[in-house]
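Please keep the sequence and the structure in view while going through the numbered points.

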Amino acid sequence: MNAIEINHLRRIFRAQIGVFNRSIKEVFAVDDISFEVQQGELFGLLGPNGAGKTTTVKMLTTLLIPSLGSARVGGFDVVKQANEVRKRIGFIFGGERGLYWRLSGDDNLRYFASLYGVDPEVSKKRIPYLMEMVGLKGRGNERVGGYSRGMKQRLHVARTLLHDPDILFLDEPTIGLDPVGAREFRNVILDLQSQKKTILLTTHYMFEADALSDRIAIINKGSVIALDTPSGLKKHVSDLSVVEVETFGASEIVIEKLRALPFVDALSVEDRDQKQMILIQTERGAEAVPDVISALEGQRVGRVIVREPTLEDAYVRLVGGGA
Ligand SMILES: Nc1ncnc2c1ncn2[C@@H]1O[C@H](COP(=O)(O)OP(=O)(O)O)[C@@H](O)[C@H]1O
Ligand SMILES: [Mg+2]
């Protein structure tokens, strides 16, 4: 049995627009998504903002009702058997509230354990076990208000594991964490993976999806546009090299001129402080460099490097250069 099965799932939001000439606008937040997640698999859902990741997770966690299509989680239908689904899942949404800051970490877990109906004898053993698992051993007596963001996020994980769910939904769990906090959080995810939990992780950090996922679905505008292992996705760009050019204040016109060069497959620009990094995907590799430089004539150009493609480059190619 698959842990998660999604069949032609759709969610349409109807929003009223306009004040005087009122009309209804339909947003296809999730537009015909189908995929399966195996038991024990860590499945990454990757996509730009507004792609439909959270809406998908909300339907799978019974927080939103699908407009069309169906989904089963732990073998149960998310609409008709929502209570059975809820018993078997845990979820955390990034930047989520829902911990009591005036209470200690341990007291928060005790409170939620009783709310979820966990037997007190069980939670007596389970709370210290979970605190240790998420790296909060010895910190359980401190008020949550004094925890770092990363510690709070790990306490959220402990909270969602109180009833020992088999299937976990983590929606952008490392958003807003500093690099150390994010790394500690990823270690917790790896630990959960070794316990054979099924995990659906949404993120827009490519390297995170690459490092953790068994398989990844890339979603854009409500649809799955690619589904493969991280290395399978990278094969989409294995014929390419990436030329990275550092520039200072290059105009739109110059960038469009580069984009129009016949050997440029995809181009994206990342702003970094005063600098811009222009990333060009091309089959020509290092041979493309002289043409790129001459197209940039009159511009201030810094470092230029040619490198192998990463998962992020595969993503840029699939989602389009604008991403
Ligand atoms: N409650 C809502 N009402 C109207 N539109 C919504 C609502 N929730 C989400 N949307 C729209 O649905 C699309 C998908 O959103 P979301 O699932 O949050 O994307 P993601 O999590 O990938 O960033 C976006 O266009 C968003 O504006
Ligand atoms: Mg989201």
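**Two loop residues and a helix pair**

1. Glu 172 is buried, having 21 other C-beta atoms within 10 Å; a residue is buried if 20 or more other C-beta atoms lie within 10 Å of its own, exposed if 12 or fewer, and partly exposed in between, with C-beta atoms placed from the backbone. Glu 172 sits in the loop between strand 7 and helix 6, and its phi is near 50 degrees, a positive value in a residue other than glycine.

2. This is a predicted model, in which local features need pLDDT of at least 70, side-chain atom pairs count only at pLDDT 80 or more, and totals for chains, interfaces and linings use all residues. Residues are numbered from 1 along each chain as its sequence is written, while chains are lettered from A and ligands numbered from 1 in the order in which they are written.

3. Asp 164 belongs to the loop between helix 5 and strand 7 (167-171), where helices (H or I, at least four residues) and strands (E, at least two) are DSSP runs numbered from the N terminus. Asp 164 counts as partly exposed because it has 13 C-beta neighbours inside 10 Å, and its phi is near 55 degrees, a positive value in a residue other than glycine.

4. Where do helix 5 and helix 6 meet? Arg 149, Gly 150, Gln 153, Arg 154 and Val 157 in helix 5 meet Gly 181, Glu 184, Phe 185 and Val 188 in helix 6, contact being defined by C-beta atoms, placed from the backbone, that lie within 7 Å.

Technical notes: Contact = placed C-beta atoms within 7 Å.
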